[in-house]
Amino acid sequence: MAQIEYHAVRADRDDELSVRPVYYELLTELQKIDVECQRALTSLHDLPEVNRHIVSLFKLQSRKIDLIARTLALTEDKLDEQRLTEISLSEGGMAFQVGGMQQPGDRLAVKATFLPGYTTMIVHVEVIDVQHEEDGYWVRTAFLDLDESQRQLIAKHILRMQQNERRRYYEESAEPVITPVDRHHMFRDDDLLG
């Protein structure tokens, strides 16, 4: 799920989504720092002599940065539940529903807030494919000029969503396992005596 704002990018008009307010710049920097912390944490795991307290400290720092970024995103950009939409996201592009007809080759400026992590990005995309649906159009787009930190934020979001899906799958499909000890405790002593 995401909240998507978009408009066509035209040479004769300024791209107001690219004019970023101060809070957006701060949010972007916090997200970049979080990605760098995650990378440093991953490299620490490769070192055998690393103290587990240092790893814990990095994890806490990462959570703190994530919390500040999420709070900032919610404070400055109110999410409108009416405007939440399903998306399909990859490191190469995204697909989402739009109200008006777009054509392959159209360029759009897109501001997307991805849930549940509230990762907010402003990106430029090119429309690759358009499919008509009952209540609008489903557009498949390719990212244009993503920098490495944006690419890593997208990868992190995708990984988080995959982990959530796996967790949900295992929670829904897992049947309780009864061990021999559990079987014994399923009956009261007087049930066994007859």
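R168 and E165 sit three residues apart in helix α3 (residues 148-173), about one helical turn from each other. Helices (H or I, at least four residues) and strands (E, at least two) are DSSP runs, numbered from the N terminus. The model is predicted, so local features need pLDDT of at least 70 and side-chain atom pairs count only at pLDDT 80 or more, while totals for chains, interfaces and linings use all residues. Residues are numbered from 1 along each chain as its sequence is written, and side-chain values use heavy atoms, leaving out hydrogens and water.

The side chains of R168 and E165 form a salt bridge, a term for a side-chain nitrogen of Lys or Arg within 4 Å of a carboxyl oxygen of Asp or Glu. The structure holds two salt bridges; E126 and R107 form one of them. Because E126 lies in strand β6 (residues 119-133) and R107 in strand β5 (residues 107-114), this pair ties together parts 19 residues apart in sequence.

| Salt bridge | N to O distance |
|---|---|
| R168 and E165 | 2.3 Å |
| E126 and R107 | 3.8 Å |

E126 is partly exposed at 24% relative accessibility, and R107 is partly exposed at 44%. Buried means under 20% relative accessible area, exposed over 50%, and partly exposed in between (1.4 Å probe, protein chains only).

The largest nonpolar core has 24 residues, and I4 and F96 are among those with the most contacts inside it. Such a core is a set of buried Ala, Val, Leu, Ile, Met, Phe, Trp, Tyr and Cys residues joined through side-chain atoms within 4.5 Å. Strand β6 gives the most to this core, with five residues.
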